[in-house]
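Thank you for asking for comments on this model. My remarks are set out as numbered points, to be read beside the coordinates.

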Amino acid sequence: MGIYDTLNEQQQEAVFCTEGPLLLLAGAGSGKTRVLTHRIAYLMDQGVNPYHIMAITFTNKAAKEMRERVDDLVGYGAEHIWVSTFHSTCVRILRRHIDKLGYGNSFTIYDADDQKSLIKQICKQYKIDTKMMPERKIINEISSAKDEFMTPSEYETRHQYDFKKKKIAQIYKEYQRQLKANNALDFDDLIFKTVELFQFHPEVLDYYQERFRYIMVDEYQDTNTIQFQLVSMLARKYHNLCVVGDDDQSIYKFRGANVKNILNFENVFPEAVTIKLEQNYRSTKNILNAANEVIKHNKGRKAKKLWTENEEGDLIEFHQYGTEYEEARQIIDKIEALSNEGYDYKNMAILYRTNAQSRVFEESFMIKNIPYRIVGGTNFYQRKEVKDILSYLKVVDNGLDDLAVRRIINVPRRGIGAATIEKINVYAVEHNISFLDACFSADHIETLGNAKKKINGFADLIRDFRRKMEEGSLEELFKYITEETGYIADLKAEETEEAEGRIENINELLNKVVTYEQEAEEASLSELLEEIALVADIDNLEDSDNRVVLMTLHSAKGLEFPYVFICGMEDGIFPSYMTVMSENDDDMEEERRLCYVGITRAKKKLYLSAAKRRMMQGRTQFNKVSRFIDEIPEQLLQLDKGINLKEKRPDKALFSANRGHKFRKPYQAKSFTSTKMDTLSYSVGDMVKHIKFGKGKVLEIVPGGRDYEVTVDFEKVGVKKMFASFAKLKKVE
DNA sequence: GCCTGTCGAATTTTT
DNA sequence: TTCGACAGGC
C-alpha cells in the first residue's frame, strides 16, 4: 500500500495537483498538514529536486514539525527543502543581498520594545504630544502602512489633507531614517525590504524564482497584503504556488491579515484550481457541530460545512461559576480527575482570550502541584535583564545600533546620566557618526568635562568585548560580559529573591547560547541574535513535556488537544470588551472566528466556563454569559442543574454570600525557565524550602523520565509529592 | 546623577 | 491590581 492510499479523495487530488496555482480551502482538523507533507513527498517522487521546494509556515514550531514529518515520509533529502516562516525566510534572503538597498548585511532586528523606544525618541524630538497620539497608535499606523507596501512618501501623499496623518507621515519618515542609520529593521521591514529588493533588483528575484519552483504557503488566511505580494512575485515565473487556508480561521486581521487574499488568489492566478477539504478527522461530532453552529452566525464567509465520521462523543460542558477563582479551581479539579483516570497532563489545555487571565490559574496549579506551562505573556526575551545582556551582544555585533548602546551605557550604573548622553548625542549628530563612535572619540567632545573618563571606560569595555569575540566562543564572550560589567555581581549583592530570579534568567539565556553554539553549523553572533529575535514563545513548546498548557486562543491556532477548557466565556471578556463596544460588525465576526478556532482545538471533550463576577483592573465586574454560548444549540450542551441561559443577569445574592472570601495573592511567575535538572542541589534528608509550602524535609527522590519526583515532609502542610523541575525547591542549611 | 514616591493608565490578540 | 513614567528631593 502506498503512502497516498491513506488519504481521502480530495486530499489525494490536492497532493497530485502539483503544477500550477492551487487554492486549498482546508477546514479545521481536515488534515492539511498531512496533505502538505504528502504533497512534498509526491513532488520528490516525481523527481523534483527538494532544493526547489519551499514551504512557508506561520511559526517556527510548525516549520520544524513539517520538516520532521516529511523526513519520516521520504527518509532522505528533506533537509534541502526550504521550510520556514515568512520572517525567517526574508532574513535569510536579506542577509545576502540587503547591501543592494544601502543597509549593512549584519543588520539588527528590532522588536516591539525597540520600536517603541525609537518612536518615543522621535516624538520627543518632534515635540509630539503622546497623549494626543499614543505611541501604540503611531506604531500600528506605520505597521499597517508597511503591510500595504506604502513608503513614507506614498503615505504622505495619500494623507496630505489629514493633519494627524501628516504628522504620522513625518514620524514614519524619520523612523525609517533612524532605522537605517542604526542598521536595523523592524518585523514589517523584513518583508517590506525583501519585496523592495525583488522590485529593484530583478536579477535577485530571478535567482529566487529559479530556486523556488514549488511554493507552499500554510495558514494563508493570515497573510497580509505584502506577504501575498512576496509569494506572488516568487511564483510569477513558474506559477506553482499552493496556498492552504481557512477563511473561518482568520484571526489576525488586526495585524493586517487580509482575508481578501483568499478571494484575490483566483484573480491574480486565473487558472487556479480550488479544492475544499471538509472532512474533519480531529473532533467528535458534538464538538464539530458546536463549531459549525457558532461560525454559521458569520455572514462574510465561504460556504462550507465540516463533517466527521468520528463518534458522537460527550456533550460539551458549560459551567458558570461564582468567581474567576472558583472557575480556576474547578477546572483544575477536573484536570486532576482526568489525570487520575490516566490521561496525561499534556493532553489538556486551558485557553483564554487575554494573557492576564492566566494568573489565577498559576496560583491554583502551584497549590495543587500540577505541572503546567504558560505560553506567551511576558516573553522571556522581554525581561529587563535578558534585554540588557542581549543589548551588550548587539552592540558587540552591530555598533550602529544606537538604541542598544544607549540602553547599556549606564547599565550597570557607571555614573553616566542623561545630560552626558545628550552631549554625546549632539556630537554624534553634528559629526554624522553613530552614537558608539562618538563614545569612542569622547576625548574630542569638549563639553563632556569629567564624564570623559567614564565614557572612555565604557568604550574600552566594548573594545575589549569585541576583541574577546574575535578570539573565543560565544559562550566565553557571554560569560566575560556578565563578569566584566559586574552585572551578575551587582545582582548577587542585592540578595533578594527577585535578583536571584534575574540571575537564573541570565543563566537560562546562557544555556540558550550554549545550545545554539552546539547545534549551529557555523555559529555566529549575528545568527544567534537573529534566532532569538524571531522565536515565538509557542516555538518552545515541547510535545514531550508532560504539562497542562495554558495559552491564548490566538496561540492555540494550529494545535490540538484531547481535552480543551475555554474559560472566561463572558461578554466583555470573550468577545472582548472592545469588540462588544465596536460599531463595526466585522470585529465581532473576527471574534467569532476566534471562538471557532478555540472549539475546534478539542478532539475528545470541550469544557466551557464563565464566571458571574470577576476582578478586572482592580474592580469587580459582573459579566453576562458570552453570546457565543447562546449560539451553541442547547442539545449539544451539558449544563449545570438550575442554570438558565435565558436568564443571564448576574446574581447579586451570590455576590454577597461570597464576599469576604479570602484569596491568596497570585504567585509571581518565573515559570518560563524550564529547568531541565540534571542534578538536584539537595538529596534525601536535606531541609528544603518551597515557595508556597515553606520548609520541609526531603523524604524520597524518585527519578522518572527527564524529571524527579520528590517527596517532602513540610513543617506546615505535611507530606507532599512534587516534580523537582516544577517545584523549584531550594536547599536550606 | 540617583533614588523614591506618586500618579495615571491599563488589558485584545503577535510574527 | 500592577506596572511604568515622571517629578522632586537628596
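1. Basis of the note. This is a predicted model, in which local features need pLDDT of at least 70, side-chain atom pairs count only at pLDDT 80 or more, and totals for chains, interfaces and linings use all residues. Residues are numbered from 1 along each chain as its sequence is written, chains are lettered from A and ligands numbered from 1 in the order in which they are written, and side-chain values use heavy atoms, with hydrogens and water left out.

2. Helices H2 and H3. Helices (H or I, at least four residues) and strands (E, at least two) are taken as DSSP runs, numbered from the N terminus. The axes of helix H2 (residues 32-45) and helix H3 (residues 60-74) come within 9 Å and cross at roughly 50°, where axes are lines fitted to C-alpha atoms, for helices over the stretch in contact, and angles run from 0 to 180 degrees between N-to-C directions. H2 and H3 are therefore oblique to each other, given that angles under 35 degrees count as roughly parallel, over 145 as roughly antiparallel, 65 to 115 as roughly perpendicular and the rest as oblique. H2 passes H3 in a right-handed crossing; a crossing is called right-handed if the near helix is turned clockwise from the far one by less than a right angle, and left-handed if anticlockwise.

3. The residues between H2 and H3. On the H2 side, Thr-33, Arg-34, Leu-36, Thr-37, His-38, Ile-40, Ala-41 and Met-44 meet Met-66, Arg-69, Val-70, Leu-73 and Val-74 of H3, contact meaning heavy atoms within 4.5 Å. By class, this contact of H2 with H3 comprises eight nonpolar, three polar and two charged residues, with Ala, Val, Leu, Ile, Met, Phe, Trp, Tyr, Cys and Pro counted as nonpolar, Asp, Glu, Lys and Arg as charged, and the others, Gly among them, as polar.

4. Helices H16 and H23. The axes of helix H16 (residues 384-397) and helix H23 (residues 497-519) come within 9 Å and cross at roughly 45°, which makes H16 oblique to H23. The crossing in which H16 passes H23 is right-handed. Lys-384, Glu-385, Val-386, Ile-389 and Leu-390 in H16 meet Arg-502, Asn-505, Ile-506 and Leu-509 in H23, and the contact of H16 with H23 has five nonpolar, one polar and three charged residues.

5. Not counting residues up to four places away in sequence, Asp-397 touches Ser-106, Leu-525, Ser-526 and Leu-529; Asp-397 and Leu-529 are 132 residues apart in sequence and 8.9 Å apart in space, C-alpha to C-alpha. Helix H24 (residues 525-534) is mostly covered, with seven of its ten residues buried, namely Leu-525, Ser-526, Leu-528, Leu-529, Glu-530, Ile-532 and Leu-534.

6. Aromatic rings. The structure holds 21 aromatic pairs, rings of Phe, Tyr and Trp (its six-membered ring) being paired if their centres lie within 6.5 Å, with planes under 30 degrees apart counted as stacked, over 60 as edge-to-face and the rest as tilted. One of them is the tilted pair of Phe-198 and Tyr-208, at 6.0 Å centre to centre and 45° between the planes; Phe-198 is in helix H9 (residues 187-200) and Tyr-208 in helix H10 (residues 202-211), ten residues apart. Phe-198 is buried, with a relative accessible area of 1%, and Tyr-208 counts as buried at 1% relative accessibility. Trp-82, Phe-198, Tyr-207, Tyr-208 and Phe-212 form one aromatic cluster.

7. Backbone details to check. Most residues other than glycine have a negative phi, and most peptide bonds are trans. Phi of Glu-219 is near 50°, and Glu-219 lies in the loop between strand E6 (214-217) and helix H11 (225-235), buried with a relative accessible area of 9%. A cis peptide bond joins Val-411 and Pro-412, with omega about -5°, and another cis peptide bond joins Phe-574 and Pro-575, with omega about 5°.

Terms used. Buried < 20%, exposed > 50% of the residue type's maximum accessible area, 1.4 Å probe, protein only.
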